[in-house]
Structures are given as C-alpha cells and as structure tokens.
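Welcome! Please take a look at the sequence and the 3D structure below before reading on.

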Amino acid sequence: MNTARARTLLSGVWDFVVGDDWRAAVGVVAALALTALLAGAGVSAWWVMPIAVLALLVWSVRRAAREAARRPDA
Amino acid sequence: MSGPELGLALSVFLACAVEAVEALTIVLAVGTTRSWSSAMSGVGAAMFALAVLVLALGPALTSLPIDVLRLLVGGLLLVFGLQWLRKAVLRRAGLKAKHDELQTYAEQTAAARAAGKRPARVDAYSFTLAFKGVLLEGLEVVFIVLTFGANQHRVGLAAAAAGLAVLAVVALGVAARAPLASVPENTMKFAVGVMLSSFGTFWGAEGAGAHWPGGDAALLAIIPGVLLAALATASIAAPDDRRAWPLRRPTPGGLTRRP
C-alpha cells in the first residue's frame, strides 16, 4: 500500500470514529487517564467519566452552536 | 436476557434500523429509476463485505483481556457515541438539518436519471451506488455490533439484533414501496447516541479500573442521566428566544447584535 492510500485510509478511519470534533476525543482520553490514575491510587474513580461526558457534550454542542450562528447558511 | 444484554440488543437494533432506512432510500432510488438487478447485486456484495468484517474482527477483539477490551472499546464507543449524540442534540436544537428521506430519495432519483443511459446487462452506476450506500451505512453498524458484542462476548446476539433490524426495515420498505419517511429517524438517532455514550462511559470507566456502585445496575442511572443531560443541552442550545448562550450575529449594516 503506498503512502497516499495509507493516508487516505487513516483519514477515513479518523473521520469515522472521531468526526469533526477532535477535542471531544482528546477529552475522553484524558478522562479515562484520570480515572485510571485515581483507581490505581486506590481512590474511588467512577464519578470521573459521567462528569467528563456531561462537560464534553455541553462544550462540544456549545462550540458547534456558536459556529452555526457565525455561519447561518452553512 | 440480562440488563446489559437487553441494552446491547436494543442499541444495535435501533442503530441498525436507522442506517438501514438510509441505505434503503438509496437502493430504492437507483432500483426504481435504473436497474433493480444491478442494485440488488450491489446490496449483496456490500452485505458480504460487512459480514466478512464482523467474522474477521469479532474473534480478534474477543480474544483480548477483558480490562484491555473494556478500556479500548469503551473509549472508542464513547468517542463514537459522543459524535452521534452531539449531532442528535444539534438536530434537536434546530442547528443542524434533520434527515429527510423523501428529499434524499428525490435527489438520488434525479442524479440516477441524469447519469445517462444504462447498458443492457449490468448497470455499473446502480451497482456502485447501492454497494457504497449499504457499505458506508453498514460500517457504523459493524462498529457498534463489534464493540457492544465483544465487550459482553455476545457478538452473535449483536449480529442477530442487527439482522432483525435489517429484515424489519426491508419488510416495511417492500410493503410501503417508498422511502420510509415516517420512521422517526431523528429520534432514533438521539436514542442511539444516548445508548452508545452511556455504555461507553460504563465500560470505559470499568476498563480504567473504576468500580461502579451497584455494578451493572449503575447503567440504570447512567442511561437516564445521559438522556436528561442531552435533552437539557438541546433545549439550552436551541436558537432565537429560547437560546441561553448569546450569539453574535452579523447584521446587514456590518454591526453585530445579541439576539
């Protein structure tokens, strides 16, 4: 497989899983890392993910809403 | 059937039904305007490719250690689910166009007619469009079948739920002989986004080493919690007088105002 095809494939996989908001994906990874850190230290960590999901959803929608208002015809 | 298994079956069924409705519209458009036999060949080839993917990746995923699997798949499912949920919330808030199968059908039909004369035997246009439509819509279903199925070691149950959804949609499509415009597609997408995000949250945290209070029963709190959060976010993000986040919009004079 040549480089261009590999790049197209990787770009397709990225678009498919991550979509148009990579910050939300980074947020999920960071929240999972924090959960693992707390759990590894013996601290209760189940609450991290629900809070992270709520915050990421609101943040992501808020950004998209502002973008939609900047480009009303888009 | 346990609670998580019921959630698995329901999530996969809903996700697959939504994608099948979209694929059906494309197949109907090329089938009715050009060639049914070529369109159905494209559908068959795409279904075969999707089945091969499930058969190849399913056993590979289920052979991973459960904690690694839950962390990896939970994280992926959550990233994927948040993408679905974000789009669903934006559609509900009126900030993103809703799916309209009748409009898609009209566009696809016009494009199929404009694509020129079809040859006597195999119509490459019908085959390719049906193949691409089913494959692309089906990839999302394969992802959901594999992630949900592998996490609970029930790829078979997930695949059966997906198959049942396809059969139901095809039966409805044959009965209606038209795009399934009356299916509450946008509501179903909202529900799928909630389920994917909820299960991704649950499995991701477990894979990272957290222990949920009440074990599997925690899902009974997570799913309604995510649903309420999504509904509230959609309500807050809704435009005009209902919008809680003030937006700066350009006016004809070049100044901006706060609605």
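This is a predicted model: local features need pLDDT of at least 70, side-chain atom pairs count only at pLDDT 80 or more; totals for chains, interfaces and linings use all residues.

Residues are numbered from 1 along each chain as its sequence is written, and chains are lettered from A and ligands numbered from 1 in the order in which they are written.

**Chain B at a glance**

- Chain B has eight helices and two strands; helices (H or I, at least four residues) and strands (E, at least two) are DSSP runs, numbered from the N terminus.
- Of its 259 residues, 47% count as buried, where buried means 20 or more other C-beta atoms within 10 Å of a residue's own, exposed means 12 or fewer, and partly exposed lies in between, with C-beta atoms placed from the backbone.
- Among the contacts in chain B with a separation of 6 or more, 83% come from residues 24 or more positions apart; two residues are in contact if their C-beta atoms, placed from the backbone, lie within 7 Å.

**Where chain B meets chain A**

- The contact draws on 34 residues from chain B and 31 residues from chain A.
- On the side of chain B that touches chain A, α3 (66-92), α7 (185-207) and α8 (219-237) of chain B give two or more residues, and the largest share, 12 residues, comes from α3(B).
- That side of chain B divides into 23 nonpolar, nine polar and two charged residues; Ala, Val, Leu, Ile, Met, Phe, Trp, Tyr, Cys and Pro count as nonpolar, Asp, Glu, Lys and Arg as charged, and the others, Gly among them, as polar.
- Helix α2 (residues 22-40) of chain A and α3(B) have axes that come within 9 Å and cross at roughly 145°; axes are lines fitted to C-alpha atoms, for helices over the stretch in contact, and angles run from 0 to 180 degrees between N-to-C directions.
- In this pair, A24(A), A25(A), V28(A), V29(A) and L32(A) meet L71(B), G75(B), L78(B), V79(B) and L82(B), giving nine nonpolar, one polar and no charged residues.

**α3(B) within its own chain**

- α3(B) also packs with helix α5 (residues 124-151) of chain B, at an angle of about 145° and with the axes 10 Å apart.
- Here L69(B), R70(B), V73(B), L76(B), L77(B) and F80(B) of α3(B) meet F143(B), T147(B), A150(B) and N151(B) of α5(B).
- By class, this contact has seven nonpolar, two polar and one charged residues.

- Just after α7(B), G209(B) takes a positive phi of about 105°.
- In α8(B), I222(B), I223(B), V226(B), A229(B), A230(B), T233(B), A234(B) and A237(B) are buried.
- Those residues cover an arc of only 130° around the axis, which puts them on the same side of α8(B); the arc is that of the directions from the helix axis to the C-beta atoms.
- On the other side of α8(B), L220(B), P224(B) and L228(B) are exposed.
- The buried residues of α8(B) pack against α3 (48-70) of chain A together with α3 and α7 of chain B.
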